[in-house]
Amino acid sequence: MNIDELNARLVESTVNEQDYFDEFQQYLTFLMNGEEYGVDILRVQEIRGWEKCTVIPNSSDYVRGVLNLRGTVVPVIDLRVRFGLANAEYSQITVVIVVKLRQDDKDKIMGLVVDAVSDVHALKRSQINVSPELGDNQNSEFIQGLGQVENKMLILLDLNNILD
Amino acid sequence: MKKILAVDDSASMRQMVSFTLKKAGFDVTDAKDGVDALAIAQNQDFDLIISDVNMPNMDGITLIKELRGIDKFKYTPMLMLTTESGLDKKSAGKAAGATGWIVKPFNPDQLLATINKVLR
Amino acid sequence: MSVDLSQFYEVFFEESFEGLDAMESELLGLEPGTPDNETINTIFRAAHSIKGGSGTFGFNSVSEFTHVIETLLDQIRDGRRLLTQHQIDLFLQSVDCMRDMLNCLRNNEEPDVELAQPLKLAFEKILNGDETPGDDEAPSDVTPATSTLDTHWHISLKPGIDILKTGNEPIFMLQEIAELGDAKIAIDVSLVPMLNAVEPDNLYLSWQIDLTSQCKEEDIAEIFDWIIDESEIEITQSSNLVDNKDDAGDRLPVETENTQDSKPENLTNASTESSAVVTPPPAPKKEATQSKATESSSIRVSIDKVDSLINMVGELVITQAMLTQLTDGEFDKSKLASIQEGMAQLAHNTRDLQESVMRIRMLPISFVFSRFPRLVRDTSKKLNKKINLVLRGENTELDKTVMEKISDPMVHLVRNSMDHGIEIPEERLATGKEETGTLTLNAYHQGGNVVVEIVDDGKGLNTDKIKSKAIENGLIKESDDLSEQQINELIFEPGFSTADEVSDLSGRGVGMDVVRRNIQALNGSVELQSVKGKGSTFTIRLPLTLAILDGQLIRVADHIYIIPLINIIESLQIDPSKVNNVGGEYDVLRLRDEYVPIIRLHQAFNHQADCSKLTEGLLVVVESDNGKVGIWVDELLGQQQVVIKSLEANYRKVDGISGATILGDGTVSLIIDIIGLVKLAGLRKAVRVNALAGKQDAGAR
């Protein structure tokens with residue numbers, strides 16, 4: 001699916017939200033280092049292609065900088081670096097998912113760099129395996145649960161307080 | 001839709017009254033003092049007028065007296081918003097032509113209950 | 001239906017603060033006696049509105065406190081009482097008290113009712129003192145302990161069948177009755193018809209009420225004032241009088257105004273309470289919360305500003321339509337000139353629009369000035385000084401945010417001038433001056449700045465004392481030969497503690513260094529001039545707005561930053577022969593009389609730089625909070641006005657960066673915070689030491 005299609009579905013998803021509310025939760029899924037991850041679609045504002053942004057001095061390595069989102073200054077986080085994944089490269093299909101999330105008790109808008117966007121999936125609560133034992137994985141605090149769609153496993157994320 | 005003119009010099013009270021009445025389905029116009037209200041009332045008709053008493057420029061009692069003097073408002077219900085302390089001189093309001101009063105402080109439900117009865 | 005009242009809180013707070021400001025300024029102009037009608041009405045109305053609003057919105061602590069004030073004001077307004085100086089003072093104190101309470105509520109804190117208690121008691125004392133001794137039928141809500149006789153009343157109430165239609169609500173009347181005393185209410189439903197005959201708008205009920213109260217018949221009758229014509233009401237007194245001293249305190253508040261209406265003779269003993277002893281309320285708890293709370297989130301804009309804005313947008317739309325037409329369809333070279341013209345028009349419109357939008361945030365400085373008459377009045381009283389306050393340029397406009405932040409530094413400077421500048425009357429007379437000192441606050445625009453001067457005609461700064469203090473604190477050495485101006489400016493140095501000069505007023509643990517730092521944090525500056533024996537002048541210079549700044553774009557490698565132009569003193573190429581390294585820690589450039597520590601921006605910000613030798617780049621010399629500092633960059637780019645955007649809104653505070661902006665090409669550029677950068681580079685101390693060294697060298701020549 002390309003970015004335009006996905007952006008169109010984002011608009012749709014907010015319309016359909018009511019119908020699905022009780023049973024389903026929709027996730028936007030994306031790829032990082034070959035794995036498929038998902039975030040709650042209601043948090044996603046838009047998806048854009050990767051572009052260079054303005055570096056913030058002395059910031060953590062996963063903070064790529066800030067970009068201009070129609071007049072608002074928005075930080076961009078490379079989720080791959082944040083999760084310590086290998087091969088954080090920037091290519092034609094590298095995208096930035098713009099999400100609204102909680103950070104230090106405030107709603108903030110941030111961009112997340114991922115390898116590519118994948119799809120939109122509606123998952124029933126029963127399809128989500130909440131907080132499996134993940135041992136001492138440093139990313140476990142952001143993992144909400146694991147979801148099963150067809151034969152794929154989705155890693156569902158809750159990215160509040162992604163900035164440390 | 002019934003039309004109501006709400007007069008109060010306090011912006012918060014004015015907003016509260018208009019919001020409550022609009023939410024209840026009335027067509028509300030507000031005014032910030034007697035002079036303002038009188039100017040508005042010259043050009044519009046209202047089914048009910050609610051006015052605070054203590055206001056700058058023209059107080060509520062003078063306003064009601066003036067409005068009663070206008071033909072189209074001769075029989076319009078006019079309610080005064082007064083404080084329970086009586087510092088607002090209820091009897092003077094009645095003499096001026098007010099038909100009833102609502103005691104401050106009041107909550108939105110009390111306000112609506114009273115108004116619904118008047119406008120039934 | 002549920003209405004969320006909290007949505008009206010902010011409006012209520014704002015109008016209440018405005019009301020309190022109005023109350024305060026009117027009170028300051030009041031003289032004891034029978035005040036001018038309009039003045040006392042304005043004061044009364046403000047108190048009345050605050051009481052009404054706070055009651056409605058559930059802020060009972062405020063409405064209860066305001067109640068006694070309103071009662072006393074009403075009596076003064078009606079001429080039933082003479083206004084005394086003591087009352088004016090009490091009213092002023094209650095303005096402060098209400099402000100504190102409202103500030104607490106606005107911050108979602110419960111106000112400390114105890115703080116208001118002494119004032120409330122003082123008012124109650126006045127209200128009681130006015131009652132003629134033995135006047136036992138006129139009870140007061142504020143004298144619950146007064147021993148009076150209760151009367152048993154029997155009330156028979158049969159309201160007219162139509163009263164509901166006129167907006168009269170028997171429940172309210174019954175509630176009012178219950179407030180008069182101990183009421184037993186029995187309902188009579190015998191007149192209610194069969195269900196099929198019930199007209200829902202009609203009132204078929206009647207009541208029998210037994211009331212035990214200290215009230216008079218008129219008090220009861222007054223409740224039924226509105227329905228008396230169409231209703232059958234009988235009020236009879238059942239004979240037995242009971243001494244009811246003990247449970248009087250349990251009673252709900254009762255109003256006395258109507259009984260007093262008939263007794264204008266009370267006026268005669270009205271001023272007796274001026275000797276009453278009053279415990280002044282404790283000083284406001286936290287100044288910090290106060291200033292925080294005054295930074296309100298909404299703004300009132302005059303219609304003409306909005307109109308001009310609408311006009312501008314209208315023009316903009318016309319220009320846009322013209323351009324659209326030109327670029328629609330086939331493009332033709334002949335249209336080029338018209339397009340250029342259109343673009344010029346667009347640029348013009350945009351600039352106008354920007355100016356108009358900025359004007360919305362501009363408010364006259366009188367909002368800040370208005371707090372000074374009170375401050376000067378109270379302070380001069382405390383200091384036993386006679387001070388006349390002169391306000392000039394009150395209509396000078398500046399940005400709302402700047403205004404909110406300039407207030408505290410100004411208060412500090414004004415207190416300082418009153419405390420240390422203006423002499424006591426005897427001293428002034430002895431030196432041939434007028435007995436009364438003059439303190440002038442003057443505001444005006446100059447370039448893109450607003451200038452505020454605080455001028456006193458006092459004794460000027462005590463240069464000798466400042467010098468010895470500075471030596472004592474190690475800021476300068478005995479041998480240093482500094483000019484008078486250089487010595488005077490030492491009062492802005494962080495290490496210059498005025499510990500033994502600390503008075504109750506200016507020495508609140510905040511030094512002049514904080515004043516200067518706060519002003520610099522707003523991209524402003526403060527200067528002083530002092531003439532011994534003649535007085536001193538503090539000049540604050542601030543940008544008109546915090547939303548836009550004039551910036552110098554600079555480049556380090558491929559990063560573009562912005563340095564506020566107001567901070568920049570000069571930019572130069574470094575002459576390596578004038579650079580010394582200090583203790584292997586940092587480089588210092590000798591620039592004429594001064595030593596300027598160098599910050600390599602790429603190092604502070606952890607970037608790769610193009611230039612490696614100091615001679616290759618450029619040094620931008622800027623003013624920091626305690627001296628000059630040079631920022632070494634690769635290249636100077638253009639200057640432009642930039643709109644300041646928050647970096648914290650979606651990210652967090654970044655050391656050395658005050659905000660962000662968006663450049664013409666749509667990219668984000670960060671704005672350098674000089675003071676933060678100096679701190680980040682670990683050069684705070686170095687900057688000060690070198691600045692002082694420069695001053696001393698200059699003095700030595």
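Student: Which residue is the bridge partner of Ser571(C) in strand 18 of chain C?

Tutor: Happy to start there: this is a predicted model, in which local features need pLDDT of at least 70 and side-chain atom pairs count only at pLDDT 80 or more, while totals for chains, interfaces and linings use all residues. Residues are numbered from 1 along each chain as its sequence is written, and chains are lettered from A and ligands numbered from 1 in the order in which they are written. Strand 14 and strand 18 (residues 618-624) of chain C pair in the antiparallel sense over four bridges, where helices (H or I, at least four residues) and strands (E, at least two) are DSSP runs numbered from the N terminus, and pairing needs at least two DSSP bridges between the strands. In strand 18 of chain C, the residue bridged to Ser571(C) is Val620(C).

Student: Which strands stand at the edges of the open sheet in chain C?

Tutor: The open sheet has six strands in the order 14-18-19-17-16-15 (chain C), with mixed pairing.

Student: Moving to chain A, which residue takes a positive phi in the hairpin of strand 6 and strand 7 of chain A?

Tutor: In chain A the elements run α-β-β-β-β-β-α-β-β-β-β-β-β from the N terminus. Strand 6 (residues 95-103) pairs antiparallel with strand 3 (residues 44-49) of chain A over five bridges, with Val98(A) as the partner of Glu46(A). Nine bridges join strand 6 to strand 7 of chain A, also antiparallel, and Val96(A) stands opposite Val113(A). Two residues lie between the strands of this hairpin, and the one with a positive phi near 50 degrees is Asp104(A).

Student: Which strand of chain A gives the most to the side that touches chain C?

Tutor: Here 18 residues of chain A are in contact with 20 residues of chain C, contact meaning C-beta atoms, placed from the backbone, within 7 Å. Strand 4 (63-69), strand 5 (72-78) and strand 7 (106-114) of chain A each supply at least two residues to that side. The residues of this side divide into 12 nonpolar (Ala, Val, Leu, Ile, Met, Phe, Trp, Tyr, Cys and Pro), one charged (Asp, Glu, Lys or Arg) and five polar (the others, Gly among them). With four residues, the one that gives the most is strand 5.

Student: And which helix gives the most to the side of chain C that touches chain B?

Tutor: That interface brings 31 residues of chain C into contact with 37 residues of chain B. By class, the chain C side has nine nonpolar, 10 polar and 12 charged residues. With seven residues, the leading contributor is helix 2.

Student: What is the handedness of the crossing of helix 2 and helix 3 of chain C?

Tutor: The axes of helix 2 (residues 37-56) and helix 3 (residues 60-77) of chain C come within 9 Å and cross at roughly 155 degrees. The two helices are therefore roughly antiparallel (over 145 degrees; under 35 is roughly parallel, 65 to 115 roughly perpendicular and the rest oblique). A crossing is left-handed if the near helix is turned anticlockwise from the far one by less than a right angle, and right-handed if clockwise. This crossing is left-handed.

Student: How many charged residues are in the contact of helix 3 with helix 4 of chain C?

Tutor: Helix 3 and helix 4 (residues 85-106) of chain C pack at about 170 degrees, with axes 10 Å apart. Among the contact residues are Phe65(C) of helix 3 and Met98(C) of helix 4. The contact has seven nonpolar and three polar residues, and the number of charged ones is no residues.

Student: Is Gln214(C) buried or exposed?

Tutor: Gln214(C) lies in the loop between strand 3 (206-213) and helix 7 (217-223) of chain C. A residue is buried if 20 or more other C-beta atoms, placed from the backbone, lie within 10 Å of its own, exposed if 12 or fewer, and partly exposed in between. Gln214(C) has 21 other C-beta atoms within 10 Å, so it is buried.

Terms used: Axes are lines fitted to C-alpha atoms, for helices over the stretch in contact, and angles run from 0 to 180 degrees between N-to-C directions. Two residues are in contact if their C-beta atoms, placed from the backbone, lie within 7 Å.
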